[in-house]
Amino acid sequence: MKKLLVCVALFSGAMAMTAKAQQTVRQQHVALFVPLYLDSAFDGSSNYRFGKSFPRQSITGLEFFEGAQFAMDSLKQEGIKPVYHIFDTRSASGAVSRVGNSPVFDSIDLIIGAVSGNEYLQVAELAKRKQVPFISATYPNDGGVKGNPQVVIVNPKINTHLQNIYNHVLRNYAGNKIIYLRRANTADDRVWEMFRSLDSSRTGGVIKFQPQTLPDIFSTADIESRMDSLRQNVVICGSLDENFGRDIANACASLNKAYQTTLVGMPTWESIKELNRPELKMIPVRYSTSFFNPGTDKWTVDFDANYRKQSFSKPSDVAYKGFEVTYAFVHLLYKYDRHLNQNLTDKSFKLLSEYDFRAIRWTPASAEPDYYENKRVNVVRRLNGVLTLLN
């Protein structure tokens, strides 16, 4: 991993020099914003600071960049050779506020960003000012952006996940015993308000369930008192908190022999490793995810092998996303140029993920979208250690 970080530092510099070496032939220019923390990894003399260890804060950004770099190589083999400008958003030289005012940005045609929070907002504003498409690759949030049709959100927002979870429960479990569990805090209030608004109708709730508030530290008996031994119990975790979700799953596992139970979790559940424990494998668990990789098609197998060969590690979902997003949207740039955002429905360059981009307008009569969002959410079932796509 240390060698990879050194290579990234060299690669970033090489890309900057490439931009200066272009001839008079007009080429497309792509800016990639990713948090690599190179300044903290190397001292002023370019010596690596961490010895034999690797800085944790660099891992996610490096994985995304590695995936993107594989995509750049694939595109080059297809004859697509834009100029890439790599900006480490956690370095002094790559800070959005600095590079956005540099002359290099006068030639940028596409921005791809694995950014979040304030950096996301800065890149979104830069894209609006320069009138350049900004592909937000990983952040599941619009950040309050309005009136900016340059922004394309690839990772569906939390509300989009909640709507898909609700629809799944409505289609499959409306007639069962539904138990909605939450905590007493503002974060869980927001999740419940979304479910409540989706469940409203002129004649009352469609599913007709009520939230049950649990203390932060609860017992198995707190859940068992709400279960029905004669019916299928559908336990919905109404919280994005992983620890709370883990506690609910463990409690339901201990009740599995006495009560027929299906667990419905949140998108955060894909990070709960305990779901693979033997006592939890037998409980059907459903949750939503923005990325589903069955791992069986030829492209996935080849990518996995090449990634392991270069990095000596298994590619994460972030690495796959880095490849997918870079490969698909650079292709779209070459096909549609500045009309890229009006042609997001083109699926010619699909690899793993299905995209369903919609124009989002907070004011229905608005002449232009506030931004574009991918509305495709995968609902998956985890049972006996096997992950199955349900939609």
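Q: By class, how many nonpolar, polar and charged residues does the lining of the largest pocket have?
A: This is a predicted model, where local features need pLDDT of at least 70, side-chain atom pairs count only at pLDDT 80 or more, and totals for chains, interfaces and linings use all residues. Numbering runs from 1 along each chain as its sequence is written, and side-chain values use heavy atoms, with hydrogens and water left out. On a 1 Å grid over the protein atoms alone, a pocket is an open set of points with protein on both sides within 12 Å along at least five of seven lines, a cavity is a set where a 1.4 Å probe fits but cannot get out, and lining residues have an atom within 4 Å of a point. With Ala, Val, Leu, Ile, Met, Phe, Trp, Tyr, Cys and Pro as nonpolar, Asp, Glu, Lys and Arg as charged and the others, Gly among them, as polar, the lining of the largest pocket has seven nonpolar, eight polar and five charged residues.

Q: Which element supplies the largest share of the lining of the largest pocket?
A: The largest pocket is lined by 20 residues, with P267, T268, E270, S271 and D317 nearest its centre. Helices (H or I, at least four residues) and strands (E, at least two) are DSSP runs, numbered from the N terminus. At least two lining residues each come from α6 (158-173), β10 (285-289) and α12 (317-336). The largest share, three residues, comes from α12.

Q: What is the volume of the largest cavity?
A: A volume is the space filled by probe spheres set on the grid points, which are joined across faces, edges and corners. Among the residues that line the largest cavity are A328, F329 and L332, and α12 gives the most to that lining. The volume of the largest cavity is about 150 Å³.

Q: Is G238 buried or exposed?
A: G238 sits in the loop between β8 (233-237) and α9 (242-254). Not counting residues up to four places away in sequence, G238 touches Y180, L181, R182, D188 and V191, where contact means heavy atoms within 4.5 Å. Buried means under 20% relative accessible area, exposed over 50%, and partly exposed in between (1.4 Å probe, protein chains only). The relative accessible area of G238 is 0%, so G238 is buried.

Q: Which residue's backbone oxygen does the side chain of T261 reach?
A: T261 lies in strand β9 (residues 261-264) and is buried, with a relative accessible area of 4%. At 3.1 Å, the side chain of T261 reaches the backbone oxygen of Y259.

Key
A polar contact is a pair of N or O atoms within 3.5 Å; within protein, one must be able to donate a hydrogen and the other to accept it, and residues adjacent in sequence count only if both atoms are side-chain atoms.
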